[in-house]
Amino acid sequence: MNRTAFVATAIAIGLAATPLFAQEPSAPPPNVVMILSDDQAWTDYGFMGHEGIETPNLDRLAKESLTFTRGYVPYSLCRPSLATIITGLYPRQHGIVGNDPPRDAFYTIDGSGQATPVDYLRVREEYLNLHIDRLQTLPDLLKPKGYVSFQSGKWWEGSYQRGGFDEGMTHGDMTRGGRHGDVGLKIGRSTMQPVFDFLDRASENDKPFFLWYAPMLPHTPHDPGPQLLKKYRAKAPTPAIAKYWAMCERFDRSVGKLLGALEERGLAENTLVVYVTDNGWINDPNASQYAPKSKKSQYDGGLRTPIMLRWPGKIEPRMNETDLASSIDLAPTILRAAGLEPTPEMEGIDLTDRSAVEARQQIFGDIFEHDIVAMDDPAASLRWRWTIEGNWKLIVPNAERLPGDPVELYDLSADPHEENNVAAAHPERVAELRKKLDAWWTP
């Protein structure tokens with residue numbers, strides 16, 4: 001049954017989908033604070049059961065939120081993942097499928113086969129023109145409701161203005177280090193003041209606001225400082241793991257400062273706080289780098305993340321350990337909370353709509369090359385597509401780019417770390433999931 005038919009049927013039998021909050025028509029729209037972790041595993045929080053890492057502020061946020069422990073991002077790489085969160089579109093839709101423009105585009109080949117370098121800055125600008133400049137972002141979509149917006153932290157798409165933000169920290173000038181955040185990357189590491197100042201301005205002007213808080217934490221460099229490092233050296237198995245664990249707490253402390261600032265200014269009551277990580281991370285035991293089956297991979301180590309939604313008095317706090325959620329759902333959820341409709345291109349659901357969450361059967365995603373292969377053809381970069389239905393996860397390689405790679409099937413309830421590929425034992429299950437995956441997107 002398609003979504004339109006489902007809603008019509010639900011209304012007819014008196015079970016129309018309703019959100020978990022009941023906002024009065026005359027009530028002001030909520031402020032929105034988007035908190036984004038960077039390179040953190042879904043297991044690496046106190047509330048997710050980690051026995052070494054201490055995250056008291058995120059634990060409290062999880063307790064006060066509608067928290068989905070089975071949350072996912074469609075793609076386990078930061079730039080495409082962040083583009084999905086800010087647009088509500090899959091990478092194949094927004095076109096930002098890698099961190100850097102095509103390497104082949106950096107050269108022209110003359111008739112004799114001689115390669116001539118092309119200006120990287122020009123190629124990057126062309127890519128921004130093709131993609132972010134044509135997209136509607138959450139700041140753009142929230143403007144009709146009077147929202148003002150602020151960008152801080154990780155941001156790949158040029159200046160903050162190119163993302164529709166009214167204010168921000170990132171200038172995006174490549175000649176001054178503007179690849180993925182530049183000045184914005186100071187947030188959470190060396191200062192919180194630009195965010196505090198924005199909260200003060202928005203509050204004074206009595207404007208609803210959208211805040212993008214994306215500190216590059218616990219992302220490398222893993223430099224937690226001597227006190228935190230000493231604390232975790234005493235309980236981590238290796239020095240490299242100790243640095244990463246300490247960075248997770250460093251990130252948690254920055255979240256505590258942000259949430260405290262909302263409370264101190266009397267803003268917490270009517271603020272929707274949204275939490276997600278851009279992609280997962282498994283730390284190499286012996287170096288500050290990611291291990292296999294995490295970042296950039298098709299596995300849950302790179303894709304899974306807790307997703308939290310806190311809006312006091314409007315969203316009922318609940319730990320949802322069963323239903324599937326995706327970062328593709330965040331834009332529709334935020335827009336509905338603000339009294340706006342998602343765009344027709346958005347395929348996500350409103351995560352506060354319990355009937356929609358419970359009716360969902362499946363989530364999808366796709367993994368591409370780190371360096372974009374073609375400027376305007378997402379399929380050219382594709383490595384894997386994946387889908388989860390219930391506890392079954394299917395991974396299908398792109399045979400053109402990965403000849404000989406197997407189709408993979410995992411029972412996540414019995415094998416959460418995807419160590420036992422059971423595709424050969426369940427051919428009917430593979431065929432059924434493959435059919436649904438192809439219906440979602442066949443490149």
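Q: How near do the axes of helix α7 and helix α9 come, and at what angle do they cross?

A: Bear in mind that this is a predicted model. The axes of α7 (residues 193-204) and α9 (residues 239-264) come within 11 Å, crossing at roughly 20°. Angles under 35 degrees count as roughly parallel, so α7 is roughly parallel to α9. The crossing of the two helices is right-handed.

Q: Which residues make the contact between α7 and α9?

A: From α7 they are Val195, Phe196 and Leu199, and from α9 they are Lys257, Leu258, Ala261 and Leu262.

Q: Which residues of α2 are buried, and where do they lie around the helix axis?

A: Buried means under 20% relative accessible area. In α2 (residues 56-63), Leu58, Leu61 and Ala62 are buried. Viewed down the axis of α2, the buried residues fall within an arc of 100°, so they line one face of the helix. They pack against α9 and the strands β2 (66-72), β8 (271-277), β9 (304-310) and β10 (318-320).

Q: Is Leu267 buried or exposed?

A: Leu267 sits in the loop between α9 and β8. Its relative accessible area is 10%, so Leu267 is buried.

Q: What is Leu267 in contact with, apart from its neighbours within four places in sequence?

A: Leu267 is in contact with Asn31, Leu199, Ser203, Phe209 and Leu262. Ser203 is 64 residues from Leu267 along the chain, and the C-alpha atoms of the two are separated by 8.0 Å. Leu199 and Leu262 also belong to the contact of α7 with α9.

How values were computed:
Residues numbered from 1 in each chain as written. Predicted model: local features only at pLDDT ≥ 70, side-chain atom pairs only at ≥ 80, totals over all residues. Heavy atoms only, no water. Axes fitted to C-alpha atoms, helices over the stretch in contact; angles between N-to-C directions. Helix = DSSP H or I, 4+ residues; strand = E, 2+ residues; numbered from the N terminus. Parallel < 35°, antiparallel > 145°, perpendicular 65-115°, else oblique. Left-handed = near helix turned anticlockwise from the far one by under 90°. Contact = heavy atoms within 4.5 Å. Buried < 20%, exposed > 50% of the residue type's maximum accessible area, 1.4 Å probe, protein only. Arc of directions from axis to C-beta.
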